[in-house]
Amino acid sequence: MHKKILIVTECFYPEEFKINELALEWKSKGYDIDVLTMVPSYPASEVYEGYKNKWYQKDTWNGINIYRVKAVTGYKDSLFKKLLKYFAFMFMGSIVSLKIGKRYDYIFGFDVGPLTGMIPAIILRQFYKKPVTLWIQDIWPDSVYAYGFKKNKILEFSLNALVKYVYKYTSNFAISAKGFEKKILPYLNSNKEILYAPNWADYLNKDLEKFKFSNDNKTHFAFAGNIGSVQNLENIIKAFGKLDDEYLNKAQLNIIGDGSYLEKLKSNVNENDFKNIIFWGRKPREEIYKYLEASNFLIVSLIDKEIFSLTVPAKTQTYIAAAKPIIAIINGEAAEIIKENELGLVCKPDNIEEIKSTFTVAINSSNEERNKYMKNAEFLTNTVFKKEIIIDNLLQLLKRG
């Protein structure tokens, strides 16, 4: 008899998340995989073409059964709808999970967003004594405050109670960043295994036609990904825009992606008449390698908040897999990875002068220095961040639950 695994996740195929690859890998190892999720709507907050937003439906993908509950849409620009979406999945997902949950041997929670989304997994431990493993990508309650919610007694009490409840009924944990461990431990009243399982790099299609950002010989910096309030692009643009003409003429800042802050940044560039900053818009994920490959330095950045010093943005691993020098305009763990493994340059996210001088150092760097960063990145991709190793470690952890 094949062992049965239920994966609980707010996001799943056709939405692009690591959990899709993990489910397929486990399926290929002979496990029966089912997924409990929502009707796909991320990131545009609209239901994907070909899907109906019904209260409950079942579909299949590559032999994986997917149980979907209704998604609240229109949450991109509405905090109320965003909260409603989280609570809707918590309630409707829990009903479905109690209905189907008895048949599974293991429960795996992909905790990529709010902790409320893990309740449908947790109640299966509570009601049916099923082992539950959580793979934590985001730390609560810290991230709630980091996104601008004001800390008050009621909110703090409620969030702490939720975290305690979820962690109490979790058998063991995987964490995508080492710094998460010290945030989890205060909520535990017993010893539970915590495994470091970083995100692996996105698959990069390296056979794409070569691309050039410009025909002249410049140092090309690129940021690729979501353009929101926490990505710190305001400071990056300001620092780049303040470069002396001597350096500005030798460099170009390329911003690839879309998000809630894009228009604000564009008008910022126009108003200040900043030169050599180009917005390329959103590009298909399968084509992203050609833009990374055309760059001399790739930028990973987050604003200066304690929670973000604990996280490693998923793009870090993708940048490393692209084997390009990295500029880490970020505090904490992501900066440590770049520094310790000699993958590029690091500077503080809130210091415009330091960011500016880092751009200058990068523009002046020799081919020899850049090649050293690239060789170190290749080594790391084949060891610590190797997809097959991480997915197998997560499976063993699940079985130990």
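1. Let's start with Pro 14, which sits in the loop between strand E1 (4-8) and helix H1 (18-28). Helices (H or I, at least four residues) and strands (E, at least two) are DSSP runs, numbered from the N terminus. A cis peptide bond, with omega about 10°, joins Tyr 13 and Pro 14. For background, most peptide bonds are trans.

2. Before going on, please note that this is a predicted model, in which local features need pLDDT of at least 70 and side-chain atom pairs count only at pLDDT 80 or more, while totals for chains, interfaces and linings use all residues. Residues are numbered from 1 along each chain as its sequence is written, and side-chain values use heavy atoms, with hydrogens and water left out.

3. Another cis peptide bond is found between Tyr 42 and Pro 43, again with omega about 10°. Pro 43 belongs to the loop between strand E2 (32-38) and E3.

4. Strand E3 (residues 56-61) holds Gln 57. Is Gln 57 buried or exposed? Gln 57 has a relative accessible area of 13%, and buried means under 20%, exposed over 50%, and partly exposed in between (1.4 Å probe, protein chains only); Gln 57 is therefore buried. Not counting residues up to four places away in sequence, Gln 57 touches Val 39, Lys 52, Ile 66, Tyr 67 and Arg 68, where contact means heavy atoms within 4.5 Å. A polar atom of the Gln 57 side chain lies 2.6 Å from the backbone oxygen of Lys 52.

5. Next, take a look at helix H3 (residues 119-128) and helix H5 (residues 153-168), which pack at an angle of about 50° with their axes 9 Å apart. Axes are lines fitted to C-alpha atoms, for helices over the stretch in contact, and angles run from 0 to 180 degrees between N-to-C directions. Angles under 35 degrees count as roughly parallel, over 145 as roughly antiparallel, 65 to 115 as roughly perpendicular and the rest as oblique, so H3 and H5 are oblique to each other. On the H3 side, Ile 119, Ile 122, Ile 123, Arg 125 and Gln 126 meet Leu 162, Tyr 165, Val 166 and Lys 168 of H5.

6. How do helix H7 (residues 233-241) and helix H9 (residues 262-272) pack, and at what angle? Their angle is about 20°, with axes 11 Å apart, so H7 and H9 are roughly parallel to each other. Leu 233, Glu 234 and Ile 237 of H7 make the contact with Lys 264, Leu 265, Asn 268 and Val 269 of H9.

7. The loop between H9 and strand E11 (277-281) contains Asp 273. Although Asp 273 is not a glycine, its phi is positive, at about 55°. Most residues other than glycine have a negative phi. Asp 273 is exposed, with a relative accessible area of 52%.

8. Finally, helix H13 (residues 333-340) has Glu 333, Ala 334, Ala 335, Ile 337 and Ile 338 as its buried residues. Among the elements that cover them are strand E8 (194-196), helix H12 (315-321) and helix H15 (367-381). Just after H13, Glu 342 takes a positive phi of about 50°. Glu 342 lies in the loop between H13 and E14 and is partly exposed, with a relative accessible area of 39%.

How values were computed:
Polar contact = N/O pair within 3.5 Å; in protein donor to acceptor, adjacent residues only side chain to side chain.
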